[in-house]
Amino acid sequence: MASKVNASHILVKTDLEAGSLLFDIKRGIITFEDAARQKSLCPSGKRGGSLGWFGKGQMVKEFEDVAFTLKKGELSKPIKTQFGWHIIRCDDLK
């Protein structure tokens, strides 16, 4: 199992908005990066959602649990944390 993940995410307020964005990204209507820049509530949105590298214990549990199960290039289904709803993309693993 990976000890570090390089991930990007999009943070929005509702499950419905996250689901709609995920649908559009998967269909090629918008890129993940453009969706992050336009819609994400997280400051990482300015960087196309990039969070960079992180290890275990650096993110909230719900986020981390999913991020460490994704394969490189894979998108998560919408995940709820105390901050809102996330779509996570695994960019790389170590």
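**View 1. Aspartate 92 and its salt bridge with lysine 72.** In this predicted model, aspartate 92 is partly exposed, with a relative accessible area of 26%. Its side chain meets that of lysine 72 in a salt bridge, with 3.9 Å from N to O. The two partners come from distant parts of the chain, 20 residues apart: aspartate 92 belongs to strand 4, while lysine 72 sits in the loop between helix 3 (61-67) and strand 3 (79-81). How exposed is lysine 72? Lysine 72 has a relative accessibility of 58%, so it counts as exposed.

**View 2. Glutamate 33 meets arginine 89.** Here the side chains of glutamate 33 and arginine 89 form a salt bridge, 2.9 Å from N to O. Find glutamate 33 in helix 2 (residues 32-39) and arginine 89 in strand 4 (residues 84-93); because the partners sit in these two elements, their bridge ties together parts that are 56 residues apart in sequence. Is arginine 89 buried or exposed? Arginine 89 counts as buried, because its relative accessibility of 15% falls under the 20% limit. Glutamate 33, at 28%, counts as partly exposed. In the model as a whole there are five salt bridges. Through shared partners, salt bridges also join Glu33, Arg89 and Asp91 into one network.

View 3. How far apart are they along helix 2? Aspartate 34 and arginine 37 are three residues apart, so about one helical turn separates them.

**View 4. Helix 1 packs against helix 2.** Helix 1 covers residues 15-26, and its axis lies 10 Å from that of helix 2, at an angle of about 150 degrees. Which way do the two helices run relative to each other? An angle over 145 degrees counts as roughly antiparallel, and helix 1 and helix 2 are therefore roughly antiparallel to each other. The crossing of helix 1 past helix 2 is right-handed. Look for Glu17, Leu21 and Ile25 on the helix 1 side of the contact, and for Phe32, Ala35 and Lys39 on the helix 2 side.

**View 5. Glycine 19 and tryptophan 85.** Glycine 19 also has its place in helix 1. With a relative accessibility of 31%, glycine 19 counts as partly exposed. Now follow the chain to tryptophan 85, which is 66 residues away from glycine 19 in sequence.

**View 6. The surroundings of leucine 75.** Leucine 75 is in the loop between helix 3 and strand 3. Which residues does leucine 75 touch, leaving aside those up to four places away in sequence? The list is Leu22, Ile25, Lys26, Phe32, Leu70, Ile88 and Arg89. Take isoleucine 25 as an example: leucine 75 is 50 residues from isoleucine 25 in sequence, and their C-alpha atoms are 9.6 Å apart. Arg89, another residue on that list, is the salt-bridge partner of glutamate 33.

Key:
Residues are numbered from 1 along each chain as its sequence is written. This is a predicted model: local features need pLDDT of at least 70, side-chain atom pairs count only at pLDDT 80 or more; totals for chains, interfaces and linings use all residues. Side-chain values use heavy atoms; hydrogens and water are left out. A salt bridge is a side-chain nitrogen of Lys or Arg within 4 Å of a carboxyl oxygen of Asp or Glu. Helices (H or I, at least four residues) and strands (E, at least two) are DSSP runs, numbered from the N terminus. Buried means under 20% relative accessible area, exposed over 50%, partly exposed in between (1.4 Å probe, protein chains only). Axes are lines fitted to C-alpha atoms, for helices over the stretch in contact, and angles run from 0 to 180 degrees between N-to-C directions. Angles under 35 degrees count as roughly parallel, over 145 as roughly antiparallel, 65 to 115 as roughly perpendicular and the rest as oblique. A crossing is left-handed if the near helix is turned anticlockwise from the far one by less than a right angle, and right-handed if clockwise. Contact means heavy atoms within 4.5 Å.
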